[in-house]
Structures are given as structure tokens and as C-alpha cells.
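Here is a short report on one protein model. Keep the structure in view as you read.

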Amino acid sequence: MDFGNLLLPRSPAQVPSGFWAEVTVNRILVVVAVVLSIFALRDFFSLWPLLSGCLVRSRGNVEIEHSVSQARNRNRCAAVGVFILCLLSDRYSLYNADFLKAIPSWWRVAFQVGVAAAFLLLRQFVYVLIDTITRTKMDSENRIAAHRALYNYFLAALPLLLATVAIMWMFHLPDSSVRWALLTELAVALTIALIREGQILRSKHSGLQTFLYLCGLELIPVAALVLSAMFL
């Protein structure tokens, strides 16, 4: 006897790509990000010549730290940039740990911010630990420049990240393509940061010491971030 056909899908349906924008909290946070970006825009334009200089030579990072006003501008812009990155991370699943799937959609950006804060705190902890060893071998300006160089290259890459999202959205490309494009750009920014940090450190350290410093300061926190996304 024929009881009819099964019309429901046999596998769970994917969340529509437009669902993220329908969450009220996410809409509010996007507005907040836009407002913060407008306030930070003047600082960013003032900082941009130094940021572009960091791309071609490591000394540009030291020059930013040498100027108290520009270092403050960079810190403010970086704080806004990290918030924007957390929104992008939630929207395009850049940090795609399984435990996030059990969190209500209106809380997920807050957890992304928490993950970013944990990453930065781990970097700071490792920096303080290493700083006690290298303090007598490198002046404070170079130590700080090496530590904060990652922020400079992140800010230099941020316009490219936003342009990538805008262009791929206009062409209606799938979220998976946007995700891999953003992750690739972030990986390139990290690679450049590692090269320039290594050049700063090599002025006072041996090659082995520089390698160990970079492993502790950058590679361990990044590895912790990747592994937590894979296994949590």
C-alpha cells in the first residue's frame, strides 16, 4: 500500500546566509561598529603612511612606537578593528568551534570577542614571560615594536578584508568562498608580521633566539587558537 512520499529533507537544513543579519543584536552591533569606525577614521588616515611603511621595512614598526600619539592612534584603531573582525568571524565562521553552535545566535559575537580577548591575553602573557629574559639585550622600544607589530599588519590588512567582503557580497559568492578568502588574507598578514618581527629581533638576537621568540610570541597563541577551533 502506498502511503505517499516523504517531502521533508533527510538531512538538517543549513541556516540561510541572510539569517545572521536578521538577528537584532547583530544589527545593533553592526551599527555600533560603523559608528566606531567613523570616529576612528581620522586616526586611521593619520596612521596610514606609517602602516604602509611597515609593509616595506621593519623600521616602520619602531617609528610608530617612537611617536606616542601615533601609537595611541594605532591602539584605538586596533581595538575597533578587532571588534569588526569579531563580527566578520561570527558572520563567516572564521573561528568555527563546535561549542559555538550550542550558543544562541544573539550571544555568539560576544563569545567571538571573548576568544579574541583570550588570544590577546595569551600573547601578552608570553610577551611578559619572554621580556624578563630579553630585557637586558634589547631596548624597550624595539621590544614593544616587535610585540605590537602584529597590530600594525592587521590594521594594514583590514581595508582589504572589508573590500573583499563587499566585492564578494556584491557578486553573491557563497559564504564558504568569503571565509577562505578572509582566512587567506589574515594568514598573509600574519606571515608578513612574522618576517618583520624577525627582522627587528635579529638586530639584537641570534637566529635561534629569534626563532624561539617568534614561536612563543606568535606561533603558540595562533596554534592555540586553531587547535581550540578544531577540538572544542
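Which residue forms a salt bridge with E22? The partner is R27. Their closest N and O atoms are 3.2 Å apart. Keep in mind that this is a predicted model.

## Overall build

The protein has eight helices and zero strands. Read along the sequence, the pattern is α-α-α-α-α-α-α-α.

The chain has 232 residues, and 42% of them count as buried. The protein exposes about 13,700 Å². Carbon and sulfur atoms supply 70% of that area.

## Salt bridges

A search of the whole structure finds eight salt bridges. Return to the pair from the opening, E22 and R27. E22 has a relative accessible area of 52%, so this residue is exposed, the cut-off being over 50%. R27 has 46%, so R27 is partly exposed.

D43 and R76 form another salt bridge, with the closest N and O atoms 3.1 Å apart. This pair links distant parts of the chain. D43 sits in helix α2 (residues 24-56), R76 sits in helix α4, and the two are 33 residues apart. Is D43 buried or exposed? D43 counts as buried, because its relative accessibility is 17% and buried means under 20%. R76, at 43%, counts as partly exposed.

R123 and E218 also meet in a salt bridge, at 2.7 Å from N to O. Here too, distant parts of the chain are linked. R123 belongs to helix α5 (residues 108-134). E218 belongs to helix α8 (residues 207-231).

Some salt bridges join into a network. E65, R74 and R148 are linked in this way.

## Where α3 meets α4

How do the axes of helix α3 and helix α4 cross? Helix α3 covers residues 59-66, and helix α4 covers residues 68-92. Their axes come within 5 Å and cross at roughly 105 degrees. Angles of 65 to 115 degrees count as roughly perpendicular, so α3 is roughly perpendicular to α4.

Which residues make the contact? From α3 come I64, E65 and H66. From α4 come V68, Q70, A71 and R74. The residues of this contact divide into three nonpolar, two polar and two charged.

## Two residues with positive phi

S93 has a phi near 55 degrees, a positive value in a residue other than glycine. Where is S93? S93 lies in the loop between α4 and α5. At 28% relative accessibility, S93 counts as partly exposed.

H172 also has a phi near 55 degrees, again a positive value in a residue other than glycine. H172 lies in the loop between α6 (140-170) and α7 (175-202). Is H172 buried or exposed? With 71% relative accessibility, H172 counts as exposed.

Notes: Residues numbered from 1 in each chain as written. Predicted model: local features only at pLDDT ≥ 70, side-chain atom pairs only at ≥ 80, totals over all residues. Heavy atoms only, no water. Axes fitted to C-alpha atoms, helices over the stretch in contact; angles between N-to-C directions. Helix = DSSP H or I, 4+ residues; strand = E, 2+ residues; numbered from the N terminus. Parallel < 35°, antiparallel > 145°, perpendicular 65-115°, else oblique. Contact = heavy atoms within 4.5 Å. Nonpolar A, V, L, I, M, F, W, Y, C, P; charged D, E, K, R; others polar. Salt bridge = Lys/Arg side-chain N within 4 Å of Asp/Glu carboxyl O. Buried < 20%, exposed > 50% of the residue type's maximum accessible area, 1.4 Å probe, protein only. Areas by Shrake-Rupley, 256 points an atom, 1.4 Å probe, with all protein chains shown as cover.
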